[in-house]
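Open the model in your viewer and keep a selection tool at hand. The stops below say what to select next and what is found there.

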Amino acid sequence: MVGAFFILLMLLCGAGGPAAGQPPPAPAGGIQTRGEFLAGGQWVGSGGSQASFFTDRYLRSGFNLDAVALDFRPAGGSGGRFDFATLHGSGFGNAQPYQNADFRAARRRLYDLRAGYRRFQYFFDLPSLALGLHPECNVNRSSQVSLKLFPERAAAFHVGYRRNQQYGTAFTTSQLILDTFQLSSPRRLASDEFRFGAELRRRPFSVLIEQSFVRFRDDTQFFPSLRNPDGFIGNRLAEGQRDLPTRILTPVTRLLGRRDGVRHDLTGRYIYSKADFDLHRFDSLLYRIGAARLPVRQILSSTGVSEKPSHLGSVTQSVELTDRLTLHHQFFFNSYTITGLLDTTGVLRMINERANQSLDLPVEERGGTVTGFKLARNHMDLELTLHRSLSLLGGYRYADRHLGYAPHTSGPGASVSAPRPLVTISHASSGGFAWIPSEKARLRADVEKSTSSSAFHRIEPLDSFRWRMRGEFRPAARLSVSGGAVIANNRNGTPGVNYDLDDRNYSAQAVYAYSERFLLTGGYNFHQIHSSTDVRFFLAQRLTTGASLYETDTHVAHADLLFPAGPRLTLSAGYQLVKDTGASLPLLIHHPRAGLTCRIGENVSIEAHWQHRSYKERLFAFQDYRAQVLSGGLRITLPGGRP
Amino acid sequence: MRRTAVPWLLLVLWAGLWAQSPQRTYVGSDTCAGCHTEHSEWLRGSVHEKAALASGAAKGQSGCESCHGPGSEHAESPSPKSIITFRLEPASQRSGRCLACHGLAQPNRDFRRGGHAAGRVACNDCHRGRNSESFHRLRAAADTLRGAQPALCYRCHTARRADFALPSRHPAPEGHIKCSDCHQPHGNYNLRQLRSRGVEEVCGKCHEDKQGPFLFEHPVGRASGCLTCHRPHGSTSPKLLTRVDVRWLCLECHSNTPSFHDLSQARYRNCTVCHVRIHGSNLNRRLLE
């Protein structure tokens with residue numbers, strides 16, 4: 001059926017001769033307007049695990065308003081209220097999970113206004129995490145607007161606002177009265193950031209001052225899950241609610257000073273922020289205990305406070321020591337202490353329903369953690385240009401990190417000192433070259449090796465090695481062949497840990513771009529990760545020693561073709577294969593696709609696309625799915641032309 | 001004999017390379033238009049037509065030569081080698097022409113410090129429009145990229161295309177996020193050219209609820225960031241984890257779990273069934289709620 005649809009469309013497109021070109025109409029009102037829209041629909045048919053398909057690709061049947069683009073410019077090139085104004089949008093309608101819109105208007109040396117909006121539907125429902133008890137289907141929205149005034153002048157000012165939101169259905173689990181229950185926890189997260197600042201320039205100096213305020217709110221509430229109210233050991237969470245309003249306010253002050261010299265750039269930066277955290281919890285939950293369903297009500301209230309004052313700064317410089325030798329140097333520091341404290345009071349009320357009596361067991365807890373962090377890093381890179389086509393690179397990085405973490409029970413107002421930190425000193429050295437033997441070829445390779453004196457956690461490597469090579473060869477003007485290889489190795493050989501990560505990645509790609517309508521791309525990638533760490537765990541009540549293994553051998557191949565089948569008709573076809581033959585998660589994904597674009601008038605064209613997705617896992621076959629997606633629409637270009 | 005000749009030949013070659021090219025002077029855009037009529041027409045009314053250099057020997061020069069350099073030698077002996085063509089020159093020289101104007105403000109100020117400059121990638125390797133005409137006709141500071149992200153980045157970073165083909169990934173192929181949302185392509189001092197000082201702040205820009213501070217921290221994130229447990233571009237494991245089965249990931253550090261954590265029971269095989277607040281909790285020191 002899909003094939004017949006395509007053949008019919010191709011016949012329709014082949015019937016006409018080449019479309020006659022028409023000169024664009026004169027700009028109306030002195031504004032040249034260009035733009036295009038693509039509106040249409042999508043049909044999705046799937047088999048196998050619907051949850052797995054939606055987790056991978058949240059595509060649905062419905063309406064699509066895609067590829068909206070508008071471009072306004074004064075006919076004379078500049079002047080008026082703006083030099084240009086553009087609006088781009090994609091993914092609107094109910095068929096796509098991702099929606100984007102961007103607006104920008106600017107006038108040179110006067111202002112630059114940008115606004116953006118992003119929305120996506122996040123779906124996750126896989127049993128391979130938390131036994132499938134944490135499914136979610138959320139909407140994530142992000143919008144922002146920023147305005148720069150006098151952007152290229154001696155004094156420039158800027159102001160901006162950003163808002164992120166997350167809301168929708170979600171489930172979680174909670175440990176309550178020695179049992180584990182699924183809870184419904186519909187997300188209600190929001191954050192706002194407001195910032196303003198100024199930049200003053202007088203060559204070669206410039207100073208930037210910025211103040212911003214970030215406010216984070218979490219108003220997620222928790223309820224017993226209606227679909228799964230029973231716990232793991234026979235209890236039931238019958239009714240109730242948990243409110244956990246959380247607020248974090250973070251003022252951030254940024255200072256930046258800079259001197260741009262001909263041979264010497266110097267930048268100093270300092271950022272101070274202080275995050276203040278505030279939490280109030282109120283639980284009123286009714287449990288039914290055991291087979292007799294004895295009622296127990298938990299009534300708890302908590303207040304939590306935390307703060308994180310942070311100092312971050314750096315001094316950076318680039319010095320052209322000679323015409324061929326350049327030094328880049330940075331000293332960086334960051335320090336903060338996170339002090340959190342939670343005070344909880346309440347009762348566990350044992351209720352005797354028959355006698356209409358109750359017994360209260362008081363609950364009183366106080367606790368928190370303190371985390372102290374200090375990092376100083378010195379980083380130097382040298383670039384030596386040996387020849388116009390060859391340069392050598394060398395670098396050295398030294399870092400001194402102090403990290404301490406401990407629980408505490410200090411009361412409000414008490415001074416909590418940071419715990420004794422673990423000191424980690426690391427050295428990293430690197431070297432490489434960049435070689436461009438001709439206009440047609442380039443090659444870059446580098447190697448980096450680092451060592452650390454200690455590890456804060458077991459899989460923090462004490463020795464790391466990475467080798468990279470990347471090259472591109474253009475044997476003809478329209479043909480490009482590129483490839484790369486990355487070999488990385490991380491180790492922590494401490495007895496009982498034996499953490500070892502071997503990561504090898506080889507890739508090659510060829511692009512033949514004959515014209516905008518004739519494009520051929522193909523590539524192959526092989527990625528091998530073998531990782532192992534010694535672990536100890538209890539199995540059938542016996543302490544067992546084993547290894548945590550991750551072994552993937554992932555092959556990814558792709559080929560795409562864009563082909564002009566006639567003056568009005570452009571065909572596209574593509575195929576992508578993902579095959580993992582490693583022991584950890586053998587899987588096979590096929591993704592063939594095809595499409596056509598047929599111009600049926602000077603400013604109108606029809607588009608139709610088909611794609612098939614086939615997903616197969618060898619270990620979790622119940623997560624397999626296959627899907628057909630057919631989409632099409634009408635692309636309309638404004639008389640002024642495409643943007 | 002052959003052994004002794006090689007160093008001398010190299011020395012001669014070296015000396016030749018250090019020799020200065022003949023002094024070129026500015027001749028004005030009208031001279032260029034005498035031959036390059038098409039380019040001159042494209043440039044009329046474009047943002048680069050009135051581009052003027054503000055410092056150095058070229059102070060006050062505008063038009064073609066503000067980008068292509070002094071044209072006296074090229075006017076006398078027309079050849080691609082006698083003028084800056086943005087094709088044959090070393091990347092640092094090509095970028096240097098652009099940065100003379102565009103390097104005065106962010107985001108380009110730190111271009112020389114980034115990995116692209118070190119790898120000899122020049123501005124016009126990415127920014128050159130669809131073709132020479134579209135670039136010369138540029139009428140406003142609009143997008144001049146050769147193509148859209150992420151395909152543009154895949155041309156060199158070939159391995160990233162494969163990462164984003166995996167089942168668990170950030171939505172870059174769908175165009176919802178761009179490589180430049182996390183990485184600063186114009187260079188900075190951060191490792192991997194990340195937009196913030198450390199990985200955790202880059203991730204926190206979108207994943208704000210994972211950023212804290214928490215009353216009860218999971219300090220591994222403070223020690224070495226999100227990449228301890230997650231692969232940033234794509235993974236075969238759910239939630240971009242570095243292990244397919246979450247218990248093995250947790251056990252790598254927590255190899256001293258209490259004895260009741262018996263992996264023969266399904267409940268204990270999935271650590272996050274109970275330890276739900278793995279990024280940090282506001283209620284429980286063991287990250288249970």
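Select A:Gln611 and show its surroundings: leaving aside neighbours within four places in sequence, A:Gln611 is in contact with A:Leu59, A:His591, A:Pro592, A:Arg593, A:Ala627, A:Gln628 and A:Val629, where contact means heavy atoms within 4.5 Å. The residue belongs to strand E29 (residues 604-617) of chain A, strands (E, at least two residues) and helices (H or I, at least four) being DSSP runs numbered from the N terminus. A:Gln611 is partly exposed, with a relative accessible area of 22%; buried means under 20%, exposed over 50%, and partly exposed in between (1.4 Å probe, protein chains only).

A note on what is being viewed: this is a predicted model, in which local features need pLDDT of at least 70 and side-chain atom pairs count only at pLDDT 80 or more, whereas totals for chains, interfaces and linings use all residues. Residues are numbered from 1 along each chain as its sequence is written, chains are lettered from A and ligands numbered from 1 in the order in which they are written, and side-chain values use heavy atoms, with hydrogens and water left out.

Next, select A:Phe53, A:Val578 and A:Leu587, which touch the most other members of the largest nonpolar core, a set of 25 residues; such a core consists of buried Ala, Val, Leu, Ile, Met, Phe, Trp, Tyr and Cys residues joined through side-chain atoms within 4.5 Å. Chain A supplies at least two residues of this core from each of helix H2 (50-56) and strands E24 (499-515), E26 (542-564), E28 (587-599) and E30 (625-637), and the largest share, three residues, comes from E30(A). Centre on A:Leu587, whose contacts beyond four places in sequence include A:Val578 and A:Tyr615 as well as B:Pro167 and B:Thr236 of the other chain. Apart from this core lies another, of 19 residues, among them A:Phe216, A:Ile248, A:Phe277 and B:Phe216.

Where is the centre of the largest cavity lined? Select A:His527, A:Ile529, A:Thr552, A:Thr554 and B:Leu166, the closest to the centre among its 14 lining residues. About 100 Å³ of space lies in this cavity; on a 1 Å grid over the protein atoms alone, a cavity is a set of points where a 1.4 Å probe fits but cannot get out, and lining residues have an atom within 4 Å of a point. E26(A) gives the most to the lining, with four residues.

Stay in this region and select helix H15 (residues 246-253) of chain B, which is largely enclosed by the rest of the structure because six of its eight residues are buried. The buried residues are B:Val246, B:Arg247, B:Leu249, B:Cys250, B:Leu251 and B:Glu252, and they pack against E25 and E26 of chain A together with helix H16 (266-269) of chain B.

For the last stop, select A:Arg281, A:Glu365, B:Leu283, B:Asn284 and B:Glu289, which are the closest to the centre of the second largest pocket among its 26 lining residues. About 640 Å³ of space lies in this pocket, a pocket being an open set of grid points with protein on both sides within 12 Å along at least five of seven lines. E18(A) provides the largest share of the lining, five residues.

Definitions and conventions: Points joined across faces, edges and corners; volume = space filled by probe spheres on them.
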